[in-house]
Structure formats: structure tokens, C-alpha cells
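Let us walk through this structure together, one step at a time. Please keep the sequence and the 3D view open as you read.

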Amino acid sequence: MKTMITSILCLMVTCGMATAQNPVLELTVMTHDSFSISKDVLARFEQENAVKIRFLKAGDAGAALNQAILSKNNPLADVFYGVDNTFMSRALKADIFLPYRSPNLKLIAEALKLDTAFRLSPVDFGDVCLNYDKAWFASRNMKAPDSLEDLIRPEYTGLTVAESPATSSPGLAFLLTTIGHFGENGFLDYWKKLKQNQVLIVNGWKEAYWGNFTAASKGSRPIVVSYATSPPAEIHFAKTALKDAPTAAVTAKETCFRQIEFVGILKGARNPEMAGKLIDFFLDKPFQEDIPLQMFMFPANTTAALPDIFVKHAKTAVDPVALDSDRIESQREKWLEAWADSVLR
Amino acid sequence: MNRGPQNAPLIWIAIPLVLLAVFYGYPMAAILKTSFQMDGNGGLDQVFHILSSRMFGYALGFSLFQAVLSTLLTLGFALPGVIMFLLCDFSGKKWMQLLASLPFVLPTVVVASAFRALWGSHGMVNSFAVHYLGFHSAPFNLDYGLPAVLMAHVFYNTSVVFKLVAGFGANLDRSLIDSARSLGASTRIIVFRILLPLLKPSVTAASLLVFLFCFCSFGVVLILGGPGFSTLEIEIYRQTVHFFNLPAAAILSLVQILFTGMVFVVYLKLQKHHPAAPFNTGGAGLSLPVRSRMNRLGIRFFQSAWILFLGLPLLSLVIGSIYTDTGFSPVFFMELFRNPDQSVFYISPFRAIVHSIGFAGTATLISMMIGIPVAAYLSSTSGRIRPVIDILFMLPLSTSAVTLGFGFIIAFDRPPLDLRGSWILIPMSHALVAFPFVVRVLVPAFQGVSERLGEAAALLGATTGQIWWKIIFPIARKSIAGATIFSFMISLGEFGATAFIARPQTSTIPVAIFRFLSQPGSLNQGQAMAMSCLLLLITVFGFLWVEWLIAVEPKRACV
């Protein structure tokens, strides 16, 4: 018994030492699990402003935002990074952000500025769209898909894997794409036809991509719902240097949904002034140029230069569908119910 | 029914009660209160609306249905192996034990991909059937659906049954079986008339845990079931995260807890009629030499079944971590040590291991601090309060991780309990999952010892403290060690509870695995497999370490 307790105590001490942090002026950023930033980019901000940035990761984008809303009386953090346009209306309605007009907003693409009161500033964006396995289509001399309608053609039977919009954020984005393209009255018809065409619905992106996409696994589906930035990620994270991506993204008119991510200062932030400086930093060039290879999203700042791999291999959607954030929030449950009724049951 | 020396005073479990109240009761009360206040005028109407919805009926029905099936299948698969393990002497026993322990720590995504690599329509088994057995198309389609869910539940929970039943059985007195054998009883009679009745307390306890685990299943049903399937736990997650409908989530959470309570009442009824199991003081075990050819064959059969079902998925994972399209190479492991993108969130495998072990160690300490006194209390009390305490300490197991995680956010927001964002909440949330297991492992073991020896010692004038420290704890040390490694492993693999807690940059191995798998690219997948192998490796070391502890401890106990 004693040996056991001593050994466990030793482990605890090791753990305590590993997690201990020295106290300095701290600013806390709450964000979702996919957030990332380079060490040197962050270090420069910390040195210039004599501040220590602490990151709190709190699950996926929805879970993190809900935690921020729940703790609004006594916020966990000063800044929240990663409200997207599907959750924006919920965030604004909960009234958890302070308006802040960063001087760097002038560098940000106009089309992304959805909150006119600037409680939320656009910081990056990415397009959810179809990806396909180039080799699979080439070896069969088949035309790769370039529209949503292609997926319901007979020769595309059993080729597509998509995520369930009920449990996955790219899945929801794809459902919204079909609503934007076919309209609220037409999208269910499309899904019924997709179902007849043996679309495979899985619960999340990991399952779709790693479990069923022919280009990434032993799967049997050469078409997957993913991101327009997945092909450059395939090159970046390849075992051996690749000249060209094994996959390609479909970015034709009205085939994509644009996810725009926002950053804002939480009401009740202990140091709103420093938080403002951090927002400036998030919108500024050094961080914006860091975004592509850290998070595989596009910078919102139009002056930010893209890395080589993005210039060569990444595409942005030509004309992504646009859906109002209020409408998404108010109709989400209804659309998902209707979708589940016609596709799952 | 006499339970041990005397009725234990409630003070024994003062610390566990305080911990439970602070880290479970308080956050749950906080989240439920906030949830119901959110939609002030919904009231009872809303409750009826949710309870009469199709979603609710379906989720509850499926939760129950698959949990019952999973429990029966797990018992059917694990019990013969456990009996074999207890009754017979054969080589490779230690490996069987280790094999049964490993699946528990693996994240669901990893198990799902290992399963698909084996049983999927393009997996090894199907390819083998098509190429060598003359099938025209893949004979199994186990990619998604109920069979895949059930298989994964059996895969995970075999270790629960094994830990509880084999741990309990190892302490049984073999003289009964010896005398039965010398009187000419057949193996069948020994198993069905003697061994199984003796094992019953641990079998019911194991069934209860497996049932609750499957009833609250989240990842397995989500990933391997596919979008057509749903459990209460999944609906709670969806209502909370996607729709932010906290009142609905709170109602579902309460229903889930209520069901646990009902199942538990059934469990207590079953448990009441158990005969006291005779315990052996030396812990020599029951192992008998295998004599007949039939038995030898039977052992080989079950050993192979275990290796095939539990070992192959693990093997395919190990292969996945070292096999690249250019042959075998350690590239994925080497890559773990690099941070080419200079990310702040990069975690070196060394630090991930330190964090994981640190959290698991802390969680284990907490769950033993709660589990041992509670088990000691429960095994020496028979008052009316006993079932209440018993149920109270089971509730955390069936509480939705997202509900509790959100409860933490609301509850711990001001001093003296300003713990949000603190690392202590991570091992604490792990411990809340682990200590119900500890209690279930220890109660039957403590009872077995105290009913036989405790009374004798008390008659001879030993104090309660002496009885516990000098007799019960040393004799039940195998069970205590088993409970320790069990809670350690629960914490090592736990991701669900961690996912909903705002946490600083203290990545554990499961978190690192998720990070790798959330980006495309072959390196990411390979590194996720390599990290999973590290998780297995730590488990193997943990297992051997506890084995070593058991081996050294008796000397100290006798001095």
C-alpha cells in the first residue's frame, strides 16, 4: 500500500511541476480545439506588450462558444477566438462581446464583415466543399464532379461520403450549401435523390475522411465533403514530398459554404485595453500570414501574403452560398429535423 | 444478514462525501438550476413536449436495447475466458490478462479505424475471404451499424468483466473446489454449481458497470453506429452544443440519471441473495493442472478467440504506426519529436506522456481516496442508509460528460473555488468516472474477507483499525491493485470528459491523437497511430508495475 501511494505521489509532483506557470500579466484567450499559432509570432506580441497569453481550449466551436455564454457573468477569458457565421447570431444574441473597432479592420475584406457593430471582427475563413480523389477518376477516365447536381447522376452512384449535419460542422455547412443552392423548398428533394444514389452519411469529418475517402484510407468513396484547403494540407502533411496533391476541391459556383471565423473581446474582460491590442494583433499581417499553415484557413486580411503551398494548390470558392446568420440560428433545428426525417429514417 | 464486524459510522466516508458534493453535486445543481431558469415559462409543458418527442423515445429505446445486448454479449465472450483463467493452469495466462486490459485505454476513433482495417468491407478479414476462401464479394459488412457497435462494446468491456470477476475469483478459497474434485465432480458441475455461484457478486457488479457504460455510450455509437443511431448521451450533446437548448439537455440528463437509479435498484435486489464467498488468506488462487485433452483443446480455443478478437485490432494499430507505402519505417515515431510548423500547441511525445501519466496518477489517487473508504463503509454497513450511499457514489458514472463539464464552468467561477481553466479539473473529472469502478471492484472483495476473518478477529479482540489495516487490506491487496490499475487506465484513455472542460495547454495523449486526426495528410494519420502505440506502451508498463507491486507487498504486510 505504501509503495503504491508513494509512487503515485511522485507522479503527482512531476505533473505539478510540468504544469506550474509563473505569474506575469496574463491575458486569456478562449478558443476551440483546432486553434493554432506559431511560437515566434506569439512570442513577438508577448514581448512587445509585456504580457503572457494563455490559451484555454474548450472543445469544438459550438461547445467553446456555449461555455463562453454560460460564464458571461464572470468570464473565463478576455478574448474569444473562433465564433463562426453559423453560430454568430447565437453569440450576438447572448450579448457576450464588447464592441471594438480595431484600426486594422481596414485591412480586412469587406465581404467578411458581418457584424456592423463590430462586436465580432472577421479573422479567417474557409470554404467547405467537395473534395475528390484525382487518381480514382483519372484511372477510370471519368469526369470529376463539378456541381452538386453531378452527385445525383447515375454514374456517381455510391461514390460520395458526407458528414451528418446533426453532429458535424462541415456536415452542417454542406447542408447549408444545399439549402442555399436549391432553396428551402428544394433541398430535401436533392437529399432524397442523394440517398437513392447511395450517399454514405457518417458522423463526422474524421470518419468521412480517414475512414471512407479513397485518397486517405482504404475506403471506397472517391468524393468527400471536406475543405477547399484539404488538398494543400495533403501536400503539407505528406510523408514524402509531393509535387501535386492527390486530391482536388470543387469550388464552382454555389457548391461551397464559406465558414467565416470571428474574434471578439468578452464583456467583463479584466484588461479590455490589452485585449484590444490582441485583436489588433490577430488582424495584423504577422498572425494573418501564420493562419494558413497553422489552421488551414484563409486569412481575412487582404494584405497578408499566402504561403507557396496555398498559392499553388489552394482554391477559394468562386461564389459560395450566402445564408443569413440569424436565419441559420432560427431555422437550424427545423432544417436538421427535416433532413433527418428524409435521409435517416 | 450480518455484514462484518459492526455497522461502520458515516464518518468513514466524510472525505469522499465532501469531494462528491463539491465536484459532482454542486456543479450538477448549478447547471440544472441555470438550465431550468433559462427558459422561464417553458415549465412542465416543455418537459412533456420533450418526453413525448420521437427523438426521446428513440434515443432511450436504443440506449436500453443496445446496452442490454452489449452486456449479454460481453458476458458471453468474457466469462468463459475468465473461468478458464481461474480454473486452469496453462501457459500465457499473463498475456491473456494483459490483452484484456489494453483495449480500455484506446480512443474510440482509433478503435474504429483498427476495426475497419480488420472487419471493414475492405479490411483484412474480407480480403482474406475473397482471395483465399473463394467468396465473390466481401462476406462481412461491419463498417457501420448495430453489429459494429456491439463488437466495439464487447471489445472495450471485456476488460471490465475480466478485471472484476477474475480479480474477485483469484481470492476465492480453493478447498471447496478441491474437495468437489476429489469427490469425483465433473468440470461441468464444478463450473456451474460451485464456481459460478461463488462468482455471482462480481458477475452482477461487472454486468452493472458494463450496462451503464454502454447505456451512456457516446463515441462508439456515434462513430461506429453511424448517423441513424442515437443514445441519450448523444442527444444530450446535440441539445447542449448544437441547439444550446439547455432545458432539454437537463431533462435528458435527469432521465439518464433516473434510469441509472432504477437499474441500480435491480442490481441491489440481485446482490442481496448472494452467499458469502469464502476467501482465501494466502491468495494462492484456484489454478488446477489441466488433465483432459478436451480441456486442453477448450483452453486453446478460448485463447485463440481472445487473441483474434482483442489482439488483432491492437496488432493492426501497431502495424499502422510503422507501415508506410514504402515499407516498414519508424518515420511516424520520429516525426512525433519534430515540430516543423513551430506551433505553440505542439506537444512532444515525452511531455504528452508526462501529462497523461501525471493526470492519470492524480485521478487514480483521488479515486482511491474516494473508493477505498466508500467500499470499506459499504462492506460493513447494513443500515437503511446503505443503498442510498451506494447509489450516490454510482451516479457520476452515468452523468453526461457535457452536462458535468458545463456545470464546472458555472459552479467554479469564484473564489474559494475558482477552478475554471485549472488543470485539477481534468484528473477530477477522470476520477468521477473511475471511482465507481473502484467501489464495485472493492466491495465484494472486502465483504468476502471481512465476513470470514473480520468476525473472528473481532472476537479475538482486534480493533476495527487493526482488522482493516492488518487483515482486510493486505488480503484484498490484489483487488486493490486491480482497482488502482483500472482507474489509472480509465484516466489514461479518457477523452470525453476532457473534451468539455476548458483546459490550458496541457495536452494528454488522447488530445494529441485528436489533434493529429483533425487535419488531412498521411503524416497526421501515421502520427496518430504512433501516439496510440505509446498509449498502449504506457498501459503495458503500468500493468507490469502493479504486478510488481503485488509481488513485493506481502513481505511488508507480514512484518
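## Where two chains meet

R54(B) and D341(A) are joined by a salt bridge, with their closest N and O atoms 2.6 Å apart; the term stands for a side-chain nitrogen of Lys or Arg within 4 Å of a carboxyl oxygen of Asp or Glu. Side chains of opposite charge can pair when their charged atoms come close. Between chain A and chain B the count is two salt bridges.

Before going on, a word about the source: this is a predicted model, in which local features need pLDDT of at least 70 and side-chain atom pairs count only at pLDDT 80 or more, while totals for chains, interfaces and linings use all residues. Residues are numbered from 1 along each chain as its sequence is written, chains are lettered from A and ligands numbered from 1 in the order in which they are written, and side-chain values use heavy atoms, with hydrogens and water left out.

Now to the interface as a whole. Here 74 residues of chain A are in contact with 76 residues of chain B, where contact means heavy atoms within 4.5 Å. The area buried between chain A and chain B is about 6800 Å², and carbon and sulfur atoms give 62% of it. Buried area is the accessible area (1.4 Å probe) that two parts lose on being put together, summed over both. In chain A, the residues that lose the most area to chain B are L70(A), W210(A) and K239(A), together 12% of what that side buries.

Polar contacts are found here too: 19 residue pairs across the interface of chain A and chain B, both residues at pLDDT 80 or more. Such a contact is a pair of N or O atoms within 3.5 Å; within protein, one must be able to donate a hydrogen and the other to accept it, and residues adjacent in sequence count only if both atoms are side-chain atoms. On the side of chain A that touches chain B, helix α1 (residues 2-19) of chain A gives the largest share, twelve residues. Helices (H or I, at least four residues) and strands (E, at least two) are DSSP runs, numbered from the N terminus.

Let us look at each chain in turn. Chain B has 23 helices and four strands. Its radius of gyration is 24 Å, close to the 24 Å that the globule rule gives for 559 residues, so chain B is as compact as a globular protein of that length. That radius is taken over C-alpha atoms, and the globule rule is 2.2 Å times the number of residues to the power 0.38. Of the 559 residues in chain B, 62% are buried; buried means under 20% relative accessible area, exposed over 50%, and partly exposed in between (1.4 Å probe, protein chains only).

Chain A holds 13 helices and eleven strands. With a radius of gyration of 22 Å, close to the 20 Å from the globule rule for 345 residues, chain A is also as compact as a globular protein of that length. In chain A, 62% of the 345 residues count as buried.

Which helix of chain B has ten of its eleven residues buried? This is helix α17 (residues 401-411), so it is largely enclosed by the rest of the structure. Among its buried residues are F406(B), F408(B) and I409(B). The buried residues of α17(B) pack against α3 (61-70) of chain A, together with α1 (14-38), α11, α12 (246-272) and α18 (425-459) of chain B.

Helix α11 (residues 232-242) of chain B also contains H242(B). H242(B) is buried, with a relative accessible area of 9%. Leaving aside neighbours within four places in sequence, H242(B) is in contact with residues including F87(A), R90(A), R332(A) and Y237(B).

Finally, return to the charged pairs, of which the whole structure has 22 salt bridges over all chains. R386(B) and D390(B) meet in one (3.8 Å, N to O), and both lie in helix α16 (residues 385-392) of chain B, four residues apart, about one turn of the helix. R386(B) is buried at 11% relative accessible area, and D390(B) is buried at 2%. In chain A, salt bridges that share partners join K143(A), D146(A), D150(A), R153(A) and E155(A) into one network.
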